[in-house]
Amino acid sequence: MTALLITVDTELSSALYQRGMPLADNISRSIWAEAQGQAHGIGWQMDMLDRHGLKGVFFLDPMPTLVHGPDFLIPIVEAIESRGHEVQMHIHTEWLAWAKESPVGDRQGRNIGDFSLDDQIVLLSLAKALLEQAGASPITAFRAGNFGANDDTLRALAAIGVAWDSSVNPAYLGRECGITVDPAQISALRMQGVVELPVSGIHDRPGSFRPAQICAMSAAEMRAGLRHAAREGHDAFTVVTHSFEMLSRDRERPNAMVKARFAALCQEAVRLPQVRGAGFRDLSPAIADTSPTPLTRVPPSQVRTGLRLAQQAWATWRYEHRLVPA
């Protein structure tokens, strides 16, 4: 069967912090995605997952504790783990710029891959400890903020006993992501002592990769990608979203189109008998040794791509420019 991993990068906004937003408001906007009197963030996402018998993987960034202290993590971890979903590790190193006391001195960088191997071990060890001290089950998987990892990140994860990485997004390779891997890689593979599980996707144009991210891919494209993975017998199909992704970019109103895409993915998953919802703790590292080859991605479709571009244009008009009342 194909394991469907619905992964949610769960993080506070450093931009909102820089604008002076209090911690409680940042949590409300960024984690619970509250807008217009309702919540559209991780609580809503878990409701949708639970309704369909699926599991979510919430990559939670603990780095804001260097600014705000660790207590705010506890209710977030509790909310996720009490419902049977996974807390895994995420990291945005830009928070070091405002840290009351930095574990790496005055060294800073936007991405974890900007740091030396020794510094990465320090930072990742700290992040792992902070999550586990907040009540998370032992951390087994990691994703870099901005997908900004490199090969040393994988070595650092191996050094601290984290078995899985999911920082490879082919759309970011050669940019933020400096991991040395073939962009055509689809299945899990062993790298630098960990198992790398890349973000899934499709070809939306000849030679163009479109990641399986809720805000980036239409429901039709996501269905096509998941069905293709199930038909080919892919071990896993890894989807990305964010805790705040169901909102407009200014986080003032819900984006009904993106929410509908999330719901459609869940509905499609339960319709496909070859697909099972999973987290990293449900996977065996042996999938890195047993994946069928060669695997392929969905080929381009002018109709699918054209429909998505039209939908995106409409949603921008509807939810971003506020030309139609939400």
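What average pLDDT does the protein chain have? The protein chain averages a pLDDT of 93, and 95% of the residues score at least 70; pLDDT is the predictor's confidence in each residue, from 0 to 100. This is a predicted model, in which local features need pLDDT of at least 70 and side-chain atom pairs count only at pLDDT 80 or more, while totals for chains, interfaces and linings use all residues. Residues are numbered from 1 along each chain as its sequence is written, and side-chain values use heavy atoms, with hydrogens and water left out.

**View 1. Helix 3 (residues 42-51) and helix 9 (residues 256-271) cross at roughly 25°.** Their axes, lines fitted to C-alpha atoms over the stretch in contact with angles from 0 to 180 degrees between N-to-C directions, come within 9 Å. Helix 3 and helix 9 are therefore roughly parallel (angles under 35 degrees). On helix 3 the contact (heavy atoms within 4.5 Å) is made by Trp 44, Gln 45, Met 48 and Leu 49, and on helix 9 by Lys 259, Phe 262, Ala 263 and Cys 266. Six of these residues are nonpolar, one is polar and one is charged.

**View 2. Ala 33 lies in the loop between helix 2 (23-30) and strand 2 (34-35).** Its phi is positive, about 50°, although Ala 33 is not a glycine. Ala 33 is buried, with a relative accessible area of 0% (buried means under 20%, exposed over 50%, with a 1.4 Å probe and protein chains only).

**View 3. Gln 36 lies in the loop between strand 2 and strand 3 (38-39).** Phi of Gln 36, also not a glycine, is positive and near 55°. Gln 36 counts as exposed, at 52% relative accessibility.

Helices (H or I, at least four residues) and strands (E, at least two) are DSSP runs, numbered from the N terminus.

Terms used: Angles under 35 degrees count as roughly parallel, over 145 as roughly antiparallel, 65 to 115 as roughly perpendicular and the rest as oblique. Ala, Val, Leu, Ile, Met, Phe, Trp, Tyr, Cys and Pro count as nonpolar, Asp, Glu, Lys and Arg as charged, and the others, Gly among them, as polar.
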